[in-house]
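Please look over the sequence and the model shown here before reading on.

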Amino acid sequence: MIRVALHLLIATALVFSAYEGWVVGYVTDYVNGTSKTDLFFMLENGTLIPLTGDVPWELVGSGVRVEAEVVDGKARLLLPAAEPLAAPPPQSPVRGNLLVTVVAAKFKDVPDEPYNYSYIHDVVFGPHPSLRDFWEYVSRGAIKIKPYYVHWGWITLPRTTSDYCLVPDINTVVKLIAEDVINSLYQRGVQLPDYSYLIIVLNKDLPCDPGTAGRGTIRMWQFSTPYGIRNLAVSWIYHYADWLRSWPDVQLYMHEFGHNLGLHHSGTSVEEYDNVWDVMGGIRLWHYLDSWLGQTEYGVAAGLAVPHGYYLGWYDIMQLNASAYVSSFSGVYWHGPDGVYTAEYKCAGKYESYLDFCGVVFHKLRSSTFGRWVYFTPVMNVTTPWSSGVNFLDVGQSAWVGGVRISVVWRNSTHAKIVSGYPTLDQIIGANATFVVGARAATIDSVAAVYARSALSPTATRTRNSYFLQPLFAYLDDESFMAQVRLYYDSSIKNLTALSVPYPGVVVSVGGPFANRLTYALNPPNRLGAGGLPFYFDTSVGGIKDARTGAVWTSNAAVVAAVVNGSRVYLLVWGIGGEDTRRAAQWLAECALPPARAVVIDTASFRVLASWPLGFEGPSYCPGRTYAAAAVVGAGAASIDAVGAAMAVGGLGVLDSEANSTQLPPLVFSVGGPLANRFTAVFNPVGRVGYGGLPFYYDPSVGGIRDGRTGAVLCVSSCFVVAKLQWGRRAVVLAWGLGGDDTRAAAAYVHYYGKELLEEFGNAAVVVRWSWRYYQSYKIGIDFYTIAKWP
């Protein structure tokens, strides 16, 4: 009684009234890319009172009765103080059959019917791409969108645009349009079910509501109908431009229906719509598709953000530990200094495939009392509006997100592996990799890259979904990586801008600091390396030194280290001598790696001599490996030939002087021409037809490749030979060009098309011309043109 009396006393002193009702609202999405959210306290008689103050998002349109005080025409909810978000937000699951009614409505004074009803029906209920297809797909079948009533043709509203605009409040206007549609359906004998969905397609925008593309209630509103109270979620879709007659903006329908399900926008803190990775980000992707309207441009969405899918009860979010696999349907979260952060991976789902790239993206979650609670988080230091499409991490990239270092070390078309903190060797094994060797290194150093590729995957080369680029992932230390060019709209100059980043992949730098300048930059002699790496080459003693203990190793020793520097993840593999480097790469391929950031190994016994951090010293567990392939490179060849070997295959790395026919595996790749590689010369000698009648050979008199069948000189630059020869029980693949770059291009051809060649019956060969593919001045891939074939 005392509590009640005190409450009444305060109420009297402040002159307010407490009421019971419901929280409702809608989001207006404007054509110019802005939006407006209106939240109301709805009384039992349907009166809408604008809300002020904090409003828990899960209450909007939920049908839960709450109390509010009304002061000076504004309502404020009487709720306990909001607590900080300590985990992913509360869920508000939506499951089962959703009954949807679609009505095309024209104003009394506007006779135009911009679409036939088949168009509208298929935008909503049709096959891919449609509202139904999208939401059923992203819900993973948790919901089924069922047509409740389909009215073929347009109904005429009882009022003109001027009549509606005489109502001073736009919130009352749109509610009035919905009520007129409900009454019109009732006159046709249609009663809408409680807790169903109504989509109203209007044939014009209103002069008192200019620039509006669409509007959607946040979950349910209560409507007083001739047949009783009905809770309905309503979308209003405006005909805001005439080009919509032939270019369906399907994303708008999908987006407004997202509001009906209870979702808000998910753009950045700068721009509410800037999130290309999520249907609620407001960005539509225009793609030329052959679908229900024929071949035309469709505005589509690129999937649903994991926090939104989690909120609706469809996706999983787990707390991030040392590492995790993420996908379009499952993510991780962690606590940052200013909120909860999430990570997910977008790639090759039905709608994600419309994205230009695959990538790991991040969102920050704020308390749902702020209305908007999902915020896209940029990671590439590009924060201008409309730049979300470039703000993702690809494999081998690393960034600080929400106070945590996050690195991406592996990905395929459905999942990506992310690492929290600094990656360790056991976490990097199997990573998608890009390989770098010294331009002046001994061949044996770069042959080690072949072993390293056995332990690591070649970079996921399909980085852009729209076309196949065929890029390189093996380089010399003095080369620039091929570029991954990400495009975004720079609002400051009102034009598309290219963000160029080095080609993705954990960068495997093979060879010591004197042979490889990249290794030198990250692990210089006589001092600590990047990130405090304690192992370095000490020139005063001619060996590897541990800066922590002073221990020195002058023979049979190598360093293997995982290093994060800037925005990239590196794996360093180098030994005191070339054979030590090769043995270190072999250790990667054949042994179980410890959860250490770096080790010094004995290259004779594979014993771990020192680890960083301490605690992982001792013998290695090496179950061995059965190699299906080998790469043979000339001992005196230029490094770029050996780089090509890493591009072609992972397996045994062998010099031509070591190529013992009794010990080689069933598949042998011989990389480099007959002048650089004696093994190649056995099968493809200079100046004459080769093994098994191989007609393509190097003719020194013209400095080019000649066809022995016709005598024609096929090419003298930018070309190569790739041949598959049956050599007893083995298959030998030759890959060589007129120069080192040509040989590497030949190895790239083997990587991309080698399977086709190996499947040829008997012996086969091609001569191919190649060229770089550019975007502006950036190298982004390679093109191949076949000149001649054998047979």
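## A stacked ring pair

Phenylalanine 481 counts as partly exposed because its relative accessibility is 22%, where partly exposed lies between buried, under 20% relative accessible area, and exposed, over 50% (1.4 Å probe, protein chains only). Tyrosine 475, by contrast, counts as buried, at 1% relative accessibility. This is a predicted model, in which local features need pLDDT of at least 70 and side-chain atom pairs count only at pLDDT 80 or more, while totals for chains, interfaces and linings use all residues. Residues are numbered from 1 along each chain as its sequence is written, and side-chain values use heavy atoms, with hydrogens and water left out.

A search of the whole structure gives 39 aromatic pairs, a pair being two rings of Phe, Tyr or Trp (its six-membered ring) with centres within 6.5 Å, stacked if the planes are under 30 degrees apart, edge-to-face if over 60 and tilted otherwise. Tyrosine 475 and phenylalanine 481 make one that is stacked, with 4.6 Å from centre to centre and 5 degrees between the planes.

## Ring cluster and charges over rings

Ring pairs also join a cluster whose members include Phe134, Trp135, Tyr137, Phe257, Trp314 and Tyr354. Elsewhere a charge sits over a ring, meaning that NZ of Lys or CZ of Arg is within 6 Å of the ring centre and within 35 degrees of the ring normal. Arginine 486 lies over the face of phenylalanine 392, 3.6 Å from the ring centre, and the charged end of arginine 597 is over the ring of tyrosine 422, at 4.4 Å from its centre.

Strands here are DSSP runs of at least two residues, numbered from the N terminus, and two of them pair if DSSP finds at least two bridges between them. Three strands form an open antiparallel sheet in the order E39-E40-E41. E39 and E41 (713–715) each have a single partner strand, so one side of each is left without a neighbour in the sheet.

Strand E39 (residues 696–699) is covered on both faces, with Phe696 and Tyr698 buried on one side and Tyr697 and Asp699 buried on the other. E39 pairs with E40 (residues 704–707) over four bridges; phenylalanine 696 has aspartate 707 as its bridge partner, and tyrosine 697 stands opposite arginine 706.
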